[in-house]
Amino acid sequence: MTAIPLAHVLMLASILFAIGFMGVIVRKNTLFMLMSLEVMLNAVGVAFIGAGSYWQQADGQVMFILILTLAAAEVAVGLALLIRLQHKYQSLDIDKLNSMQG
Amino acid sequence: MNIDFASIEMLFYLAGAVAVIASLKVVTQKNTVHALLYLVVSLLAVAVCFYLLGAPFAAGLEVIVYAGAILVLFVFAVMMFGLSVDETLHAPQSRGVAVWVGPMLLASLLLLELLFAIDSIDIQQKLTANIVDARQVGKLLYGSYLLAVEIASFLLLAGLVAGYHYAKPDSDMHSVLHSQHKKNNPRSS
């Protein structure tokens with residue numbers, strides 16, 4: 001048991017998650033969308049660490065490490081795709097991808 | 001009921017507020033590099049939260065991997081985009097101090113908080129009482145979560161291959177297409 005109540009940790013996590021989600025929805029620039037995704041993954045990490053410290057188990061930190069590797073792989077692929085997008089369209093606007101008609 | 005301002009809870013709420021403010025700034029910022037600065041501050045604030053929650057190993061990983069490696073990847077990618085073309089034209093020109101004073105204030109707040117937490121004997125006792133240290137994490141990671149670690153390594157390998165494949169310069173792609181084009185109708189050139 002830590003001094004910090006679990007509910008407050010989860011509140012912080014959900015606020016951060018909401019901010020990141022808002023960024024993904026609102027922004028048109030794909031680079032900002034990637035950054036907002038980072039904020040969201042970070043919020044999930046806060047929730048896991050909070051739960052792990054509440055029950056005094058190491059599982060939360062293990063899940064955090066897995067999230068970390070996921071974020072690293074996601075950023076590598078995402079940034080490479082953005083570099084390709086920039087070369088092709090000279091812009092990072094997500095609406096340019098509309099030509100995919102997907 | 002009196003509120004103890006020097007308790008772990010208050011430090012946690014302060015770090016959480018810094019994280020929320022910095023994340024809001026990330027989302028609403030116009031300039032990419034300024035947003036990256038605020039993203040670093042947000043990650044550092046979350047690392048302080050981890051430390052106060054009794055997970056110093058996760059806090060260290062957050063600083064080293066997130067703020068150290070992933071953010072540097074972002075910065076390198078931004079350098080490769082050459083955003084002077086479409087982004088910084090619309091953003092206001094650099095105004096000296098005004099650009100970095102916000103992130104610096106938030107970061108120094110975090111530093112003060114961390115120094116206070118390390119300096120206070122009472123807080124240190126409370127923190128060490130309910131710590132989940134790296135030994136437990138390692139035992140669990142290479143014990144019951146071994147399969148997850150293997151899958152994560154596959155994921156990283158896939159990320160490496162995909163990053164290399166997509167970010168390759170276009171020149172050899174053009175030459176491949178060109179040779180195929182030649183092969184298909186050899187009289188055209």
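Trainee: Where is the place of A:Phe21 in chain A?

Mentor: In this predicted model, A:Phe21 sits in helix α1 of chain A.

Trainee: Why is A:Phe21 called partly exposed?

Mentor: The relative accessible area of A:Phe21 is 45%. Buried would need a value under 20% and exposed one over 50%, so A:Phe21, at 45%, counts as partly exposed.

Trainee: What makes up the nonpolar patch on the surface?

Mentor: A:Phe17, A:Phe21, A:Met22, A:Ile25, A:Val26 and B:Leu24 form the patch, and together they have about 560 Å² of accessible area. A patch residue needs over 30% relative accessible area; A:Phe21 has 45%. Helix α1 of chain A, residues 6–26, gives the largest share of the patch, five residues.

Trainee: How do you know that α1(A) and α1(B) are roughly parallel or antiparallel to each other?

Mentor: Helix α1 of chain B covers residues 8–28, and α1(A) packs against this helix at an angle of about 5 degrees, with the axes 9 Å apart. Angles under 35 degrees count as roughly parallel, so α1(A) and α1(B) are roughly parallel. Among the residues that make the contact are A:Leu12, A:Ile19 and A:Met22 of α1(A), and B:Phe12, B:Val20 and B:Leu24 of α1(B). A:Met22 and B:Leu24 also belong to the nonpolar patch.

Trainee: What is the pattern of chain A, read along the sequence?

Mentor: The pattern is α-α-α, with three helices and zero strands.

Trainee: How much of chain A do buried residues make up?

Mentor: Of the 102 residues in chain A, 53% are buried. The accessible surface of the chain comes to about 4400 Å², and carbon and sulfur atoms account for 70% of that area.

Note on methods: Residues are numbered from 1 along each chain as its sequence is written. Chains are lettered from A and ligands numbered from 1 in the order in which they are written. This is a predicted model: local features need pLDDT of at least 70, side-chain atom pairs count only at pLDDT 80 or more; totals for chains, interfaces and linings use all residues. Side-chain values use heavy atoms; hydrogens and water are left out. Helices (H or I, at least four residues) and strands (E, at least two) are DSSP runs, numbered from the N terminus. Buried means under 20% relative accessible area, exposed over 50%, partly exposed in between (1.4 Å probe, protein chains only). Accessible areas come from the Shrake-Rupley method with a 1.4 Å probe; for residues, only the protein chains shown count as cover. Patches are made of residues with over 30% relative accessible area and no salt bridge: like charges are joined within 9 Å, nonpolar side chains (Val, Leu, Ile, Met, Phe, Trp, Tyr) within 5 Å. A salt bridge is a side-chain nitrogen of Lys or Arg within 4 Å of a carboxyl oxygen of Asp or Glu. Axes are lines fitted to C-alpha atoms, for helices over the stretch in contact, and angles run from 0 to 180 degrees between N-to-C directions. Angles under 35 degrees count as roughly parallel, over 145 as roughly antiparallel, 65 to 115 as roughly perpendicular and the rest as oblique. Contact means heavy atoms within 4.5 Å.
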